[in-house]
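Please open the structure in a viewer and keep the selection tool at hand.

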Amino acid sequence: MIRRPPRSTRKESSAASDVYKRQVHGDSMEKRRIDPTTNQLNISQTRTAGFYVFIAKLYLDKFPTVELHSIGYAMNVAIKVADILTKYGYVKTKKITTKSSEGTDTARPKLIIELERTANFKKLMEDFEKSRETKKPE
């Protein structure tokens with residue numbers, strides 16, 4: 001989806017038009033593989049739990065553990081992600097930590113869930129990839 005500047009924008013150099021100008025258009029859009037550098041995955045409430053389950057699997061493919069970090073309302077998403085991954089046997093919960101975030105006027109709760117991949121993680125991923133290939137339309 002291409003975002004366009006709102007019609008009510010009077011100046012051509014508004015923030016909305018700058019966002020539109022920075023977007024990649026047409027054939028130059030490429031998919032790139034996510035290559036995490038740390039095992040810390042910051043969870044936001046703007047994305048779905050399914051999105052973060054997919055990303056967490058990529059992290060677990062590279063690292064033996066993944067830490068789901070969330071603040072405020074994003075904690076609900078982090079809990080769902082951990083629950084889904086545990087339910088399907090990809091991980092086991094290693095540690096859950098709660099803190100109060102600092103640096104703002106109001107203290108916000110922070111949740112850190114550390115998940116460890118199970119011994120059969122690789123096999124589950126292979127089975128998942130096979131099932132995705134059989135579902136693809138030709």
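A polar contact is a pair of N or O atoms within 3.5 Å; within protein, one must be able to donate a hydrogen and the other to accept it, and residues adjacent in sequence count only if both atoms are side-chain atoms. The model is a predicted one, in which local features need pLDDT of at least 70 and side-chain atom pairs count only at pLDDT 80 or more, while totals for chains, interfaces and linings use all residues. Residues are numbered from 1 along each chain as its sequence is written, and side-chain values use heavy atoms, with hydrogens and water left out.

**First stop: K57**

Select K57, in helix α2 (residues 49–62); helices (H or I, at least four residues) and strands (E, at least two) are DSSP runs, numbered from the N terminus. Its side chain makes a polar contact with the side chain of Y90, at 3.4 Å.

**Second stop: Y90 and F121**

Next, select Y90 together with F121. The ring centres of Y90 and F121 are 6.0 Å apart and the planes stand at 70°, so the pair is edge-to-face. Rings of Phe, Tyr and Trp (its six-membered ring) pair if their centres lie within 6.5 Å; planes under 30 degrees apart count as stacked, over 60 as edge-to-face and the rest as tilted. This pair links distant parts of the chain, 31 residues apart: Y90 lies in the loop between α3 and β3 (91–101), and F121 in helix α4. Both residues are buried (under 20% relative accessible area, with exposed over 50% and partly exposed in between; 1.4 Å probe, protein chains only).

A search of the whole structure finds 2 aromatic pairs. In the pair F51 and Y52, the ring centres are 5.1 Å apart and the planes are at 80°, so this pair is edge-to-face. Is Y52 buried or exposed? With 5% relative accessibility, Y52 counts as buried, whereas F51 is partly exposed at 30%.

Move to R47, in the loop between β1 (40–43) and α2. R47 is partly exposed, at 45% relative accessibility. Its C-alpha lies 9.2 Å from that of A74, 27 residues away in sequence.

**Last stop: the nonpolar core**

Finally, select L41, I43, L68, V81, L85 and L115, the residues with the most contacts inside the largest nonpolar core, which has 25 residues. Such a core is a set of buried Ala, Val, Leu, Ile, Met, Phe, Trp, Tyr and Cys residues joined through side-chain atoms within 4.5 Å. Helix α2 gives the most to this core, with 8 residues.
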